[in-house]
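Subject: Two-chain model, handover and notes

Hello,

The structure is placed below for your use. My notes on it follow.

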Amino acid sequence: MKVEFTKPQLALRTELREYFDQLMTPELRQECAAAVGEGGGPLWREALRRLGRDGWIGLGWPVEQGGRGLTPIEQFIFVEEIMRAGYPFPFLTTESVGPQLAEHGNEWQRDELVPRILAGDLLVSIGYSEPGAGTDLAALKTTATREGDEWVINGQKMWTSLAHFCDYTWLAVRTDPNAAKKHKGISIFLVPNSDPGWSATPVHTLGGVRTNATYYDNIRLSEKHLVGELNQGWKLITGQLNRERLSLVNVGPTSQLFNEVTRWAQQSTCDRDGTTLIEQPWVRMNLAKVRTGLEALKLLCYKQAWAMTEGSLDMADASAAKVYGSEYFIEAYRLLGEVIGQASTINSLSAKDSVLNGRIESLFRTASIITFGGGTNEIQRDIIAAAGLWMPRAAR
Amino acid sequence: MEFGFNEAQNEVRELSRKMLTELVTAENLSRFDEYSEERFDRDLWAQLATAGLLGVAIDEKWGGMGFGFTELALLLEEAGRTIAPAPLLSCLVSSALPLQEFGSQALCERLLPGVASGELILTAALMEPGNENPAAPSTRAEPTGDADYRLFGSVTCVPFATQADYVLVAAQTTGGVIVCLVGKESDACICSPLRVSTYEPQYRMDMDGVFVPADRILAGPSEGARVMQWIAQRTIAATCAHQTGVVDQSMRMTASYTSERQQFGVPVATFQAVGHRAANCFIDVECLRLTTYQAVSLLSSDSEASIEVAIAKIWAGDVGHRVSYASQHMHGGMGIDRDYPLWRYCLWARQNELMLGSSSSMLAELGERIAAGEAFCA
């Protein structure tokens, strides 16, 4: 047991920080801010390709899959640093869909699509939820039916985030309506978002982030678009979600925010008695609580990165990290927002008086997404009770 | 970044778990309830000694296994899982470790082999009435003779003080704090038994001129405060490891009980309200375990770990409290029934919660470090 980074890992972190300092030009920051932390703009795309060219995207992937052969721990350091730097990294594509395709994809997917993902040239959105299928995902109704050599896709998806600038949608569809259990009749297809039968309408959210409703109208696809085996999509979905959950609760941005709020409080005067804000016991208490919670989250994440290097990612641990992290963020933004006070409601578009570029104002509005996104926390707690504590589950 | 155990760590862990779960039964523990017997299972102690576990972190030249603090902490975690009635923390962590680290060759040679063989018991006084900072005692040490001292003052909540052969005590003197071993030979030291929740033998010691010869000084005035901090950090980290065992076992007992217990024709574990509260315990226990392992790992390599130790203790307090009450609640009346083993775990969760700094006091300490710019995230 050695709960510390090795020297090369620390050196990698330093190297990445310097690299991202250069990558994140003021122009790129401005473009990302305008896209509410989503990316998708031309400078953002250019930066993603540069990351690909410089070999960063597949840092922890095996060499035979086009990566650099380091471990998931180095991969995790990379994601932590890039998110800390404030670059909206398309981790759904690179951290969850990409590895799934590299592992389970057919020749076309492995040889043509995966290299483009690693080059920062190809983006994939995820189409799971539907108007009538959210937490009960296996109830989904979008279909793929075989007509001759082709598959014909019809249906509607909800919350297809980033789809408006992605190249493909990783789409869960029903391929066997008569399967004995409904999750046994589901397959995954890669649907080109450029298809004339594909369309999206924006859904605007509390956080200012755009997501989409997406529509699939008689999209005709060849067999190569099927991922993995027919009717075996459920495993791909759970595998993808396990990886996604890890990316959702990254500690990079919150570490950075904690440091910045602390520095801000060290320099700000308290209106009550003219001392600095950091002298106030309640400010120290809030910061100490954030720091204490953050340490646990950091270790939950690192343990999972380590478990992935051992090939022993535990389902209960992955769910525990997701539940803890998503609920911690909400509490942390509240505690840090209290330190800043009412000024934490002034957003970054204000010419004056916003604090730390209005980051808390924006985070407060976006934080709720991940308690239900990526598999709602109720289901995660069911998983923890069953897989972590061997408690029987209720019949559903 | 390595969260797995090496071979030695696995062996220590498995051996400890096997021995302690076999030897410490609920029936066995009931002997000590309400102080009906001294809560110190000397047979267990002898068997742990024979297995080499008392010397797990004692150097081979003093008759130990020669492993480090990580292995010792794993033993403490297993002691927590079984709430073993033995002075593992006070003897092996709070006093034998600093003796080995700071004591003279002669003193180590005289005492450590006895600790490893189980024949000699040490303990440490880390608290005074109204003072929980072990590095700033108000007990006084007055120089006498060439290099000897006499101690005046009171310490309290000293575990196993009358069972121990020597008590490690810190005292203020000209130029700083000294750390020494107080023997039992003196009339000038009066031990009064306390009655505490866990039934652990604890004592208040009133010292009125207790003589301490020069050869039992572990640290002189220029080093004593630092040595006491060293001891406090390791005692806290080991307490967190003990707490990890305590709450892990409470939680698992609760998971089993609710899986068996039927109401409305189904196991109560199948109700989401129950399953989710248990899941919250699982998350809590994992947070405690990981912050504890981090602190233990850093201390094992003698790295600076004061922030990490404080954070682990905050989790130990909070998680102890939450899992203890959640476990009782989910057991219904069984949780408080003294014929069922859970209740004793609740007592230990409480003792560990409040020992050497509650969550709130540790948060305040961490807050000070944050304000001073000493606790930024890396």
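Buried here means under 20% relative accessible area, exposed means over 50%, and partly exposed is in between, with a 1.4 Å probe and protein chains only. The model is predicted: local features need pLDDT of at least 70, side-chain atom pairs count only at pLDDT 80 or more, and totals for chains, interfaces and linings use all residues. Residues are numbered from 1 along each chain as its sequence is written, chains are lettered from A and ligands numbered from 1 in the order in which they are written, and side-chain values use heavy atoms, with hydrogens and water left out.

Interface

In chain B, 55 residues are in contact with 53 residues of chain A (heavy atoms within 4.5 Å). The area buried between chain B and chain A (accessible area, 1.4 Å probe, that two parts lose on being put together, summed over both) is about 4,600 Å². Carbon and sulfur atoms give 69% of that area. On the chain B side, Met1(B), Phe3(B) and Cys377(B) lose the most area to chain A, together 17% of what that side buries.

Between chain B and chain A there are 20 residue pairs in polar contact, both residues at pLDDT 80 or more. A polar contact is a pair of N or O atoms within 3.5 Å; within protein, one must be able to donate a hydrogen and the other to accept it, and residues adjacent in sequence count only if both atoms are side-chain atoms. Helix H8 (272–300) of chain B is one of the elements giving two or more residues to the side that touches chain A, and H8(B) gives the most, with 18 residues. Helices here are DSSP runs of H or I with at least four residues, strands are runs of E with at least two, and both are numbered from the N terminus.

Salt bridges

The count over all chains is 40 salt bridges (a side-chain nitrogen of Lys or Arg within 4 Å of a carboxyl oxygen of Asp or Glu). Across the interface of chain B and chain A the rule finds 1. Lys303(A) and Glu286(B) meet in a salt bridge at 2.7 Å, N to O.

Within chain A, Arg220(A) pairs with Glu147(A), the closest N and O atoms being 2.9 Å apart. Arg220(A) lies in strand S7 (residues 210–221) and Glu147(A) in strand S2 (residues 143–147), so the pair ties together parts that are 73 residues apart in sequence. Arg220(A) is partly exposed, with a relative accessible area of 41%, and Glu147(A) is partly exposed at 41%. Arg365(A) forms a salt bridge with Glu361(A), at 2.8 Å between the closest N and O atoms. Both lie in helix H11 (residues 359–366) of chain A, 4 residues apart, about one turn of the helix. Glu361(A) is buried, at 12%.

Two buried residues in chain B

Thr139(B) lies in the loop between strand S1 (122–124) and strand S2 (140–144) of chain B. Thr139(B) counts as buried because its relative accessibility is 1%. Its side chain makes a polar contact with the side chain of Glu128(B) at 2.7 Å.

Leu92(B) is in helix H5 (residues 88–102) of chain B, and is buried with a relative accessible area of 4%. Residues that Leu92(B) touches, not counting those up to four places away in sequence, include Leu53(B), Leu72(B) and Val115(B).

Regards
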